[in-house]
Amino acid sequence: MSNAQVMVWLNGESRVVEGPEALLPVSSWLRTVLHLNGTKVACGTGDCGACTVLVATPASEVDATVRWHPLNSCVRFVFQLHGCHVVTIEGMSSAEALAPAQRCLMACHASQCGFCTPGFALTMTAALEHSGKPVDWRAALAGNVCRCTGYSAILEAAEQAESLVQSEGSDHWLNTRFPPERWQSKARELYHQTLSVPGHDGGSARTPALYRPSSVDEALAWLAHEPHAQIVAGATDLGVEGLDATRPVLCIEHLTGLAEWSVTSHPDVSNHETVRQTLMLGALVRWQELPAIFSRTAGVHAASLSALVARVGGPQIRAAGTVGGNIMTASPIGDLLPLLLVLEARVELRSARETRVVPLREFGRGYRATMRRSDELLTRVFVTLPQADEQVRLEKVSRRYEVDIATVSLAARWRDDHGILRDVQLAAGGMGPAAGRLVHTEAVLNGATNVADSWATAAATCAQDVTPRNDVRGSASYRSLVLQTLIAHLSRSPGGAA
Ligand SMILES: Cc1cc2nc3c(=O)[nH]c(=O)nc-3n(C[C@H](O)[C@H](O)[C@H](O)COP(=O)(O)OP(=O)(O)OC[C@H]3O[C@@H](n4cnc5c(N)ncnc54)[C@H](O)[C@@H]3O)c2cc1C
Ligand code: FES
Ligand code: FES
């Protein structure tokens, strides 16, 4: 069955969205169409959390819990809400009481101009809804910025709210206000149905066609006829750029077939006695899911891999941004790319005609360019998981610790074979038009003694592998110095010899 209208639940009521409104950023739809001005827009680029709304998709059959995610409504399109429930600040309180987070923000005087306050209240409420264990509030609120009150009072309010929900038993505030049985079964039906909205040309106001298929095969068949379509996954990159009104839109975010992961064991190609593990990640696996996947698959390396994820955006970005989106944006500072390069990643591309698997190393074609053909979807990525006797280091240097993209990043993987460095793989981000392997530096290290001098010598040669540029995040010379320092310091990390 196919629908031509977006249907969404907003603060408990179902709404139909038609025509060009379906292509608006959610924040614009809320504020300018519905006049729900409690949702604030400060940056408009996903950086500050002022526009946070809570979004729940219908629960899956495997996990029956309805989960509410804080998302930045300025980098989300209305069509992405099809079959979802959205809660804005206007829907948070009941007729009888403010939500616990709102009460505690007031009690702690944690609001001055108030512009950030709805976003904080919503993010806190989502964290409280699913807590079950103490919330790390600094991490949970890292995607929300306040520019006048200061964070002490806000953190105090969050802690008080946590105690309050425990004492009054209101830790399911959202699912109590909006009982899943009132919206979920219809929403689930819609969520998995095809949405097809024809485009129309109204002179200067052109509306592109919108297609939200119910399966990967449907998506590929449509893409074969609309090869110039804009593919929308989590929209954390596209939402910043904005949609191109001249190109049709293909929304794939909800395709559960592309959100799966698995791990398989197989003998190493060069040493059949060694068992290697390959992790398959669907293109739509979100950043926020990676720590749990790593903890189940990456053994001793899980903590360092997960630490990288914690440095990506804030909770709002990690709840929406996908593995496939990060690869396809092909940004020189995409955080996943250096890691994937040292994990010898291969990407799977599917079209209606064929499926091909390409090493990630060959997939990139310079600044924000890849060898994806216009009728292809990136469907899966395969990585070789590091073994317990290998070392893995991931470094990200940025101007701000939270919600900032890298100035320079480095991924390193090597093995210490009785004091000799083997299988060294290094990849850097922010050091050229695309993230890339440092092949000359690797050659200096492979076979060298694992002592500080070897790393320092290699660091001094890394200029051969990179072409850094000056930009707002740092000068070329600063970047080179940072990269050299990071490489030289790898020997001082746990597992290094010096
Ligand atoms: C505030 C903010 C902070 C951020 N912080 C970081 C950070 O710290 N580190 C970092 O690396 N990134 C960061 N990003 C960038 C972004 O969140 C990531 O790159 C994210 O992984 C993109 O995924 P997405 O699903 O949102 O992509 P989308 O925006 O949906 O798509 C990005 C591009 O990929 C294409 N695409 C997506 N999926 C597919 C597919 N399966 N097949 C073919 N093409 C596809 C789209 O057409 C588009 O061109 C940040 C973004 C914002 C707004
Ligand atoms: S307005 Fe800043 S994240 Fe949306
Ligand atoms: S209260 Fe003014 S920005 Fe937070």
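## Around the ligand

An oxygen atom of ligand 1 sits 2.8 Å from a polar backbone atom of Gly234. This is a predicted model, and every value here is computed from it. Two further contacts involve oxygen atoms of the ligand. A backbone N or O atom of Ile231 lies 2.6 Å from an oxygen atom of ligand 1. For Asp237 the side chain takes part: one of its polar atoms is 2.7 Å from an oxygen atom of ligand 1.

How much of the accessible area of ligand 1 does the protein cover? On its own, ligand 1 has 980 Å² of accessible area, and the protein covers 92% of that.

Which elements give two or more residues to the shell around ligand 1? They are strand S11 (230-232), helix H9 (238-241), helix H13 (323-329) and strand S17. H13 gives the most, with four residues. The shell holds 33 residues, of which Ile231, Thr236, Asp237, Thr322 and Asp335 come nearest to the ligand. By class, the shell residues divide into 15 nonpolar, eleven polar and seven charged.

## From the shell into the strands

One bridge pairs Thr278 with Thr384 of S17. On S14 there is a second pairing to follow. Strand S13 (residues 261-267) and S14 pair in the antiparallel sense, over seven bridges. Here Pro267 has Val275 of S14 as its bridge partner.

Is S14 largely enclosed or largely open? Six of the eight residues in S14 (residues 275-282) are buried, so the strand is largely enclosed by the rest of the structure. In a regular strand, side chains alternate between the two faces of the sheet.

Now take the chain as a whole. It is divided into domain 1 (1-180) and domain 2 (406-498). Their C-alpha centres lie 42 Å apart.

Start with Gln80. This residue is in the loop between strand S5 (68-72) and strand S6 (85-87). Its relative accessible area is 4%, so Gln80 is buried. A polar atom of the Gln80 side chain lies 2.8 Å from the backbone nitrogen of Phe77.

Next comes Gly119, which is found in helix H3 (residues 117-129). Its relative accessibility is 0%, so Gly119 counts as buried. Gly119 and Thr88 are 31 residues apart in sequence, and their C-alpha atoms are 9.0 Å apart in space.

Asp465 is the last stop. It lies in the loop between helix H17 (452-461) and helix H18 (476-489). Is Asp465 buried or exposed? Its relative accessibility is 18%, and buried means under 20%, so Asp465 counts as buried. Ala427 is 38 residues from Asp465 along the chain, and 9.7 Å separates their C-alpha atoms.

Technical notes:
Residues numbered from 1 in each chain as written. Chains lettered and ligands numbered in written order. Predicted model: local features only at pLDDT ≥ 70, side-chain atom pairs only at ≥ 80, totals over all residues. Heavy atoms only, no water. Buried < 20%, exposed > 50% of the residue type's maximum accessible area, 1.4 Å probe, protein only. Pairing = 2+ DSSP bridges. Near = heavy atom within 4 Å. Polar contact = N/O pair within 3.5 Å; in protein donor to acceptor, adjacent residues only side chain to side chain. Areas by Shrake-Rupley, 256 points an atom, 1.4 Å probe, with all protein chains shown as cover. Nonpolar A, V, L, I, M, F, W, Y, C, P; charged D, E, K, R; others polar. Domains from an automatic or database assignment.
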